[in-house]
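The exercises below are meant to be worked through with the sequence and the structure side by side. Please try each task before reading its solution.

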Amino acid sequence: MQDEKFIRLALKLAEKGRETTSPNPMVGAVAVKGDKILAMGFHRKFGAPHAEVVALKACGNHTKGATLYVNLEPCCHYGKTPPCTDLIIQSKIKRVVCSTIDPNPLVNGKGIRRLRKAGIKVDVGILEEEAKKLNEAYFKYITTKIPFVILRIVGSLNGMVSSVNTAAAAAYTDAILWDVSIIKSPHLYPLPYSEREIGSSSTKNILAGTENEISNCLEMLKPPDSKYIILAPLDEQNEVSKNVKEFRVWKIKKKKNGGLALLPFLKRCGKEGIASLLVEGGSVILSSFLKQKLADKILYEITPDISGREELFGDLGIKKMSETIVLKNCEWRKSDGSLLVSGYPAF
């Protein structure tokens, strides 16, 4: 089917902006006349021209009567750039095919209505599930103002923290929440401190732990800048602030029944423009996200070893089989002898 063919191409183009568009969505666009591709484009980075604009401007004066394929509804409001719907109408596009409606309250069907009002035929829903999965972090963030949370877990065959140093379950996110005790553990991260890379050049790093753990971990960080944030328990805030003056320090409360109060932390992440968060946690942090039902996705790597060190999780409060946390829409993949399971917890 031609529509599906060109939407798949739009999705592939959109993927190219994975590391640079957040908190905007990843979008690809393909302009077609008959069965001939006139031009293609994708949203390269936050603040740059949108995919539709890139593709239509590359077409020159050949857009009249063409079809435009996009994986997300064209915007109809002024933001960092003008509305895409205006240029589509001006270009005399005959038909627009998009995978899914944009959940952004400023759009959310308004772009489609604007195009139809101008006499353009609009079809929605081609490869909708694939399109939603591609922008799953954006969909969560734009509707809740808190980040899409991914728990990365590396465990042995007997359910302990694995002693295998692996990056097979890595995923790109706007920020990484690190449990300092895990980073400092030599059997988990055996590389010398000088060779460790905490995050990428555009990733914010949030370090969580006790005052002593954080202070002892500072030697492994790159020169201080705005990428590094210290997440300190409220009762240790003053001491942490004295020892890490060059870093930003966020307070976090402890819950009465144990664990950390994560929702206020996630709301602050949202205000900072963090649309997605990868959690590299120890048992306290992982258990806190699961008990508070704040994990959106889990990447669980099962390594081929039997370990006797730390347990992966603390008490999750699960007393009955009916309370079991089940992962939905699971995918299974082998990687370097390990088995990677990814899925979405159904709380």
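**Exercise 1.** Which side chains meet in a salt bridge at 3.3 Å, N to O?

*Solution.* The model is a predicted one, in which local features need pLDDT of at least 70 and side-chain atom pairs count only at pLDDT 80 or more, while totals for chains, interfaces and linings use all residues. Residues are numbered from 1 along each chain as its sequence is written, and side-chain values use heavy atoms, with hydrogens and water left out.

A salt bridge requires a side-chain nitrogen of Lys or Arg within 4 Å of a carboxyl oxygen of Asp or Glu. The side chains that meet in this way at 3.3 Å are those of Glu128 and Lys132. Both residues lie in helix α5 (residues 128-134), four residues apart, which is about one turn of the helix; helices are DSSP runs of H or I with at least four residues, and strands are runs of E with at least two, numbered from the N terminus. Glu128 is partly exposed, with a relative accessible area of 30%, and Lys132 counts as partly exposed at 32%, where buried means under 20%, exposed over 50% and partly exposed in between (1.4 Å probe, protein chains only).

**Exercise 2.** Determine in what order the five strands of the open sheet are arranged, and which strands stand at its edges.

*Solution.* The order is β2-β1-β3-β4-β5, with mixed pairing, where two strands pair if DSSP finds at least two bridges between them. At the edges stand β2 (36-42) and β5 (121-124), each with a single partner strand, so one side of each is left without a neighbour in the sheet.

Within the sheet, β1 (residues 28-33) and β3 (residues 67-70) pair in the antiparallel sense over four bridges, and Val30 stands opposite Tyr69 in β3.
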